[in-house]
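The sequence and structure come before the discussion.

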Amino acid sequence: TKTVYYNELGTYEINKLIGKTRNIIKKASNLMNVVAQSNKNEFVAYYNKFLISKGFDKKYLINKEIELIENLDVFIGFDNKQNTILGGICCLKRKTTIDYHYSFNTSVGNKFACNSLILHKINEFYKIKNYDKFYLGGGVSNSLDDPLALFKKRNSISDIKFIISTTIYGL
C-alpha cells in the first residue's frame, strides 16, 4: 500500500498541521522569505547543483526547456538576513489542482524548516487563486520511516491510500 499526501486548499489552515510542524513554520517565517519566481532557469541551476551534490546521474538533471512549461510555478526560500537561497519547490498546475514536482535544498540553514515554510506559502498562494487541492505525493518507499514520506505527512492534512497492482491478461 502506498500513500499520497495532500491538502484541501479551501479548508487549509496552518492550525490543522501537526503542532511541531506548525511551530517550525511560525519560527521560519521570522527568518526566511518565500518568493514565487518567474525565472525558472535559476531554479534549474540550483536543482541540478543539488542533484550533483547528492551523486545523481546526469540523466536526472533537468534542462532549461523547463522555461517553456507554462503550467509550472517555482517558489524559492531566502534567508532574510544573508539574502541567500535556502531551497525551492516547483509545482505543476492543472485545472483545479497543484502537484509537488521538484524540490532542492542548499547546504545552508534548516532544510526541514525552509521546505515546510515554502509548502505553507504554496498552500496559501493557491488557496487565494481558488485551486482545490495541493498534492504533495508520497515517499520513496513503503517504509514507515521513509524521510520523504514523513516530511510530506507532517506538511499535509489528508492522505489517500492506494495499491499498485499489475493485471496480466490471457493466462
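This is a predicted model: local features need pLDDT of at least 70, side-chain atom pairs count only at pLDDT 80 or more; totals for chains, interfaces and linings use all residues.

E1 pairs with two other strands. With strand E7 (residues 158–162) it runs antiparallel, joined by five bridges, and Tyr 6 stands opposite Ser 158 of E7. With strand E6 (residues 133–137) the pairing is again in the antiparallel sense, over four bridges; here Tyr 5 stands opposite Gly 137. In a regular strand, side chains alternate between the two faces of the sheet.

## Helix H1: length and sides

Helix H1 takes up residues 19–31.

Which residues of H1 are buried? They are Thr 21, Ile 25 and Ala 28. These cover an arc of only 70° around the axis, which means that they sit on the same side of H1. An α-helix has 3.6 residues a turn, so residues three or four places apart point the same way.

The face of H1 turned away from the buried side carries Lys 20, Lys 27 and Asn 30, which are exposed; the cut-off for exposed is over 50% relative accessible area.

## What covers H1

The cover over the buried residues of H1 comes from several elements. Strand E2 (32–37) is among them, as are helix H3 (111–128) and helix H4 (147–154).

## The chain as a whole

The chain contains four helices and seven strands. Along the sequence they follow the pattern β-α-β-α-β-β-β-α-β-α-β. Among contacts with a separation of 6 or more, 69% are between residues 24 or more positions apart.

For 171 residues, a compact globule would have a radius of gyration near 16 Å; the chain has 17 Å, so the two agree. The C-alpha trace spans about 65 × 40 × 35 Å along its principal axes.

How much of the chain counts as buried? The share is 42% of the 171 residues.

Terms used: Residues are numbered from 1 along each chain as its sequence is written. Side-chain values use heavy atoms; hydrogens and water are left out. The expected span of a helix is 1.5 Å times one less than its number of residues. Buried means under 20% relative accessible area, exposed over 50%, partly exposed in between (1.4 Å probe, protein chains only). The arc is that of the directions from the helix axis to the C-beta atoms. Contact means heavy atoms within 4.5 Å. Two strands pair if DSSP finds at least two bridges between them. The radius of gyration is taken over C-alpha atoms; the globule rule is 2.2 Å times the number of residues to the power 0.38.
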